[in-house]
Every structure is written in structure tokens, then in C-alpha cells.
Amino acid sequence: MTDRPPRIVALGGGGFSMEPKNPLMDDYVLELSGAERPRICFLPTASGDADHYVVRFYRRFGAGRSEPSHVSLFRRDTSAGSVEGNLESHLLSQDVIYVGGGSLKSLLGAWRAHGLDRTLRRAWKKGVVLCGLSAGSLCWFQDSVTAFHGPSERVKGLGLLPYSNCVHYDGEPERRAAYREMVGGGLRAGYGVEDGAALSFVGTELSEVVTSRPDATAYDVAVGAHGQVHERRLQARYLGETGVGSRERVDEPSQLRAAPDPAPAAADVLAPRSTVDGAVAA
């Protein structure tokens with residue numbers, strides 16, 4: 001693996017888990033690696049290492065297009081592709097590490113117990129592409145809003161990215177409203193990401209917003225000069241218009257109706273903003 005800048009792709013929701021017939025986002029992630037046959041390891045920790053989730057991963061990333069593997073932390077797994085032994089060495093040798101959705105709290109607790117929080121930071125600095133959806137998106141940020149069990153609540157993540165994050169922004173209006181309220185109450189500024197959209201970072205800078213659905217997008221959410229929460233739509237690039245994902249047939253994905261904005265928001269369309277709140281925590 002050649003040296004590359006640190007990269008994170010944070011999906012609001014989508015990828016092989018939510019869009020089994022739409023490979024656009026997953027092809028984008030593989031192509032970021034720059035490898036002809038990328039080594040990609042799946043961490044299904046947030047789902048308790050659910051078998052059906054692992055099966056879907058291999059269906060998407062197998063068949064010679066990559067070298068897939070997975071790590072199970074909750075149980076012994078001797079199936080093909082499962083990794084045991086020196087997990088750190090394996091993860092640091094990958095081109096892509098893909099984190100699935102589920103319980104953010106369970107994910108972070110298990111990673112910290114096994115030391116994977118430190119390993120993933122090393123992988124990021126080494127240039128391994130880190131990506132994930134839902135909990136696998138929230139985990140990279142300093143702060144996130146999770147609603148896996150009950151009402152929305154704030155959870156501190158790994159802190160690789162010095163922002164806050166809220167996923168499923170169009171499909172869960174209650175979470176969206178809670179996130180805006182938290183930002184207004186002092187939570188650091190960040191991003192609201194719809195299903196079918198992803199934030200693509202180089203280092204700690206947002207490089208672009210990409211989408212696997214024509215109408216999906218993400219929002220910059222911050223407190224303005226007069227103390228009001230501003231939510232601004234970010235420019236997004238639809239991957240279906242760039243040739244990404246052309247390796248297999250793409251069925252027309254179902255469209256989700258955006259949730260109504262719980263409070264008035266500016267209509268500006270912004271380019272990605274620069275890093276806030278200083279450098280990434282050590």
C-alpha cells in the first residue's frame with residue numbers, strides 16, 4: 001500500500017446495506033483507494049457481528065473486484081475471510097476499512113476494549129480509506145447524535161474529525177430536530193447527512209459531498225452571528241453522472257422525500273467549509 005493522505009467517507013445511510021442494487025457509493029470508496037484490487041475489511045461491530053450483514057458485504061465486495069475480509073469481536077468466527085490473531089497488523093495492511101451500522105455505543109465500547117480505537121487512528125494516519133454508514137459514519141467525529149435505542153442523544157466518537165454529525169437526516173425528522181437543538185445549545189458545528197449522501201474528507205477538510213441518489217444531499221449546521229441555528233444545503237455531486245459504479249447494472253433506487261425543515265433555514269448552497277475548532281485531538 002502506498003502512502004496516501006488520510007481519508008474518511010461518512011455515509012448518512014446507503015451503500016451495500018441500504019442499497020443492494022445501487023453500487024455507486026461503494027464503487028466510489030473502492031476507487032478512492034487507488035488499488036486495482038483493493039483489500040477491504042468489514043467491521044460489523046455495531047450490529048453485534050450479525051451474519052446477514054457479513055453475507056451482504058461479501059455479496060457486494062467479492063467476485064474478484066476486491067480482496068474482502070471481516071473482523072468479528074463478539075464471537076469466534078472461522079468462516080472464510082474472518083480475521084483472528086493480530087487484528088492490528090491486518091487492519092493496517094488494508095486499502096479500505098468499512099464500518100457497518102447499528103449501535104454506536106456498542107461499537108465504541110467494543111473497539112476501546114480491544115484497542116481498535118487506537119488501531120483505526122493509526123490506519124487513518126497511514127492512508128487507509130476509512131468509511132461507514134450510520135453508526136459507522138458517526139464514529140469518526142468528535143460528537144454525534146444517535147437514536148438507536150430511544151430518544152436522540154449526544155455521543156462522543158473517536159474524534160478524528162473535529163465536527164459533529166447527524167445521519168438519516170431526511171428519514172428521521174425527530175433526530176434532525178434534536179440535532180439542531182443540540183447545536184443551538186452548544187454542540188459543535190457539523191453536518192446533517194441524508195440517506196444516499198456521503199461526506200468525503202481529506203485529512204480533516206471536507207473535500208466534497210457525493211451521492212448515490214440524484215436528490216440526496218447534506219447540510220452544514222452551525223450557529224450564526226445572532227445565535228440562531230443555520231442549516232445550509234451543501235453542493236453535492238451525483239455519482240451516477242460520472243461513470244462511477246458502472247461495473248454492474250444499477251437499478252433505479254427508491255427516492256426518499258426529504259423531511260420538512262423543523263425550523264426556517266437559509267436557502268444558500270455552500271461549498272464545503274474549512275476545519276473548525278482546531279486540529280484533531282490526539
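Predicted model: local features only at pLDDT ≥ 70, side-chain atom pairs only at ≥ 80, totals over all residues.
**Entry 1: Asp 95 and Arg 39**

I started with the side chains of Asp 95 and Arg 39, which meet in a salt bridge at 3.3 Å, N to O. By salt bridge I mean a side-chain nitrogen of Lys or Arg within 4 Å of a carboxyl oxygen of Asp or Glu. Asp 95 sits in the loop between α4 (87-92) and β4 (96-99) and Arg 39 in strand β2 (residues 39-43), so this pair ties together parts that are 56 residues apart in sequence. My helices (H or I, at least four residues) and strands (E, at least two) are DSSP runs, numbered from the N terminus.

I then looked up burial for both partners. My cut-offs are under 20% relative accessible area for buried, over 50% for exposed and partly exposed in between, with a 1.4 Å probe and protein chains only. Asp 95 counts as buried at 3% relative accessibility, while Arg 39, at 27%, counts as partly exposed.

Residues are numbered from 1 along each chain as its sequence is written, and side-chain values use heavy atoms, with hydrogens and water left out.

**Entry 2: other salt bridges**

How many salt bridges does the count come to? I got 16 by this rule.

I picked out Arg 154 and Asp 143, whose side chains meet in a salt bridge at 3.0 Å, N to O. Arg 154 belongs to strand β7 (residues 153-156) and Asp 143 to strand β6, so the pair ties together parts 11 residues apart in sequence. Arg 154 is partly exposed at 45% relative accessibility, whereas Asp 143 is buried at 1%. I also found Asp 143 and Arg 154 linked with Lys 156 and Arg 188 in a network of salt bridges.

Next I checked Glu 231 and Arg 176, where the side chains meet at 2.5 Å, N to O, in a salt bridge. This pair links distant parts of the chain, with Glu 231 in strand β13 (residues 229-234) and Arg 176 in helix α8, 55 residues apart. Are these two buried or exposed? Glu 231 is buried at 2% relative accessibility, and Arg 176 is buried at 3%.

**Entry 3: around β8**

Back to β6, to see what it pairs with. Strands pair, in my notes, if DSSP finds at least two bridges between them. β6 and β8 run parallel and are joined by 3 bridges, with Asp 143 opposite Ser 164 in β8. β8 also pairs with strand β9 (residues 190-193), again in the parallel sense, over 3 bridges. There, Asn 165 has Tyr 191 in β9 as its bridge partner. From β8 the chain crosses through helix α8 (residues 173-184) to β9, in a right-handed β-α-β crossover (with the strands pointing away from the viewer, the path from the first strand over the helix to the second runs clockwise).

Why do I call β8 largely enclosed by the rest of the structure? Because 6 of the 6 residues of this strand (residues 161-166) are buried.

**Entry 4: Thr 146**

I looked at Thr 146, which lies in β6 (residues 141-146). Thr 146 is buried, at 8% relative accessible area. Its contacts (heavy atoms within 4.5 Å) include Leu 104, Leu 138, Pro 151 and Arg 175, not counting residues up to four places away in sequence.
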